[in-house]
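The following note sets out several points on the model shown below.

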Amino acid sequence: MESEAGTNRTAVAEFILLGLVQTEEMQSVVFVLLLFAYLVTTGGNPSILAAVLVEPKLHTPMYFFLGNLSVLDVGCITVTVPAMLGRLLSHKCIISYDACLSQLFFFHLLAGMDCFLLTAMAYDRFLAICRPLTYSTRMSQTVQGMLVAVSWTCAFTNALTHTIALTTLNFCGPSVINHFYCDLPQLFQLSCSSTQLNELLLFVAAAFMAVVPLVLISVSYAHVVAAVLQIHSAEGRKKAFSTCGSHLTVVGIFYGTGVFSYMRLGSVESSDKDKGVGVFMTVINPMLNPLIYSLRNTDVQGALCQLLVGKRSLT
């Protein structure tokens, strides 16, 4: 810790991340599991992206957004897992103040982008099923690009706002974070100055970044369900629901873990439950997403098979 000029307090220059486990035996197990998850995620998601790029059948708005989601998943797990693997190898739990802020910024940037991208995907399904005659014009390449650009802009603004606001807080010690990455709830608990403004900012941001997208997703799928139920063919209903099932699964997991993490700011201290939710958000979700979108999607499966055998569809 370093002494600050002009004040009689000390500023924390680094934090101690306790990680997931403390015993050496379990650390070895965690290292292997995290390395496996990272390799699967950084292998599976780029495979989905490659399939979307090379297969003409997948050159549609839905798969354009799915390709972007694959990029986000790789970024999300890369923000937290490699640094944790390095700490497990070196047996050093220290992270500098600047590195902590950087990790927090990129985590919220990618998580915020996830919120908007999942909303864009729901809107795409709404147009495809409920407004098929105008789908091609309402979801043109220009519209797709604008949706992604606006999503990145909003996510960047949100992440930068939280990061700058955090720099106004004083950290006088202790500097131990009972987690495996830096995030707002845990840092709020360590601050020796008032966090009321920061928590209010987080509440407002959550309403804009999470609640509004979730409402839009719910409204979109309410219309989708109503439209699908009017289809007389059972096979037609099954096909329509199958195109939405994967997306709804991802939305449920993503928002379920997010609500648990950020609606508990009044908690006195972090618990192992917070770590478990953090693992879901930063490790399991990015690893599962390519599996969820490929297992029930014959087009993606076919494109992946063609990639594996080195052939490209001619149809």
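1. Cys-182 is buried, with a relative accessible area of 0%; buried means under 20% relative accessible area, exposed over 50%, and partly exposed in between, with a 1.4 Å probe and protein chains only. The model is predicted: local features need pLDDT of at least 70, side-chain atom pairs count only at pLDDT 80 or more, and totals for chains, interfaces and linings use all residues. Residues are numbered from 1 along each chain as its sequence is written, and side-chain values use heavy atoms, with hydrogens and water left out.

2. A search of the whole structure finds 2 disulfides, a disulfide being a pair of cysteine sulfur atoms within 2.5 Å. In one of them Cys-182 is joined to Cys-100, with an S to S distance of 2.0 Å. Cys-100 lies in helix 3, whereas Cys-182 lies in the loop between strand 5 (176-177) and helix 6 (184-190), so the bond ties together parts that are 82 residues apart in sequence. Helices (H or I, at least four residues) and strands (E, at least two) are DSSP runs, numbered from the N terminus. The torsion about this S-S bond is about -120 degrees, so the disulfide of Cys-100 and Cys-182 is left-handed. Cys-100 is likewise buried, at 1% relative accessibility.

3. Another disulfide joins Cys-172 to Cys-192, S to S 2.0 Å. Here the torsion is about 50 degrees, so the disulfide of Cys-172 and Cys-192 is right-handed. Cys-172 is partly exposed at 22%, and Cys-192 is partly exposed at 40%. With bonded cysteines counted along the chain, the pattern of the disulfides is 1-3, 2-4.

4. Cys-76 is buried, with a relative accessible area of 7%, and Cys-115 counts as buried at 7% relative accessibility.

5. The count of aromatic pairs comes to 11. Rings of Phe, Tyr and Trp (its six-membered ring) pair if their centres lie within 6.5 Å; planes under 30 degrees apart count as stacked, over 60 as edge-to-face and the rest as tilted. Phe-105 and Phe-106 form an edge-to-face pair, 5.1 Å centre to centre with 80 degrees between the planes. Of these residues, Phe-105 is buried at 13%, while Phe-106 is partly exposed at 42%.

6. Tyr-123 and Phe-126 form a stacked pair, 6.4 Å centre to centre and 25 degrees between the planes. Both residues lie in helix 3, 3 residues apart, about one turn of the helix. Tyr-123 is partly exposed at 31%, whereas Phe-126 is buried at 12%. Elsewhere, ring pairs link Phe-15, Tyr-97 and Phe-171 into a cluster.

7. The axes of helix 3 (residues 97-130) and helix 5 (residues 141-166) come within 8 Å and cross at roughly 150 degrees. Axes are lines fitted to C-alpha atoms, for helices over the stretch in contact, and angles run from 0 to 180 degrees between N-to-C directions. The residues of this contact divide into 18 nonpolar, 6 polar and no charged; Ala, Val, Leu, Ile, Met, Phe, Trp, Tyr, Cys and Pro count as nonpolar, Asp, Glu, Lys and Arg as charged, and the others, Gly among them, as polar.

8. Val-215 is placed in helix 7 (residues 196-229) and is partly exposed at 46%. Val-215 and Thr-119 are 96 residues apart in sequence, yet 9.2 Å apart in space, C-alpha to C-alpha.
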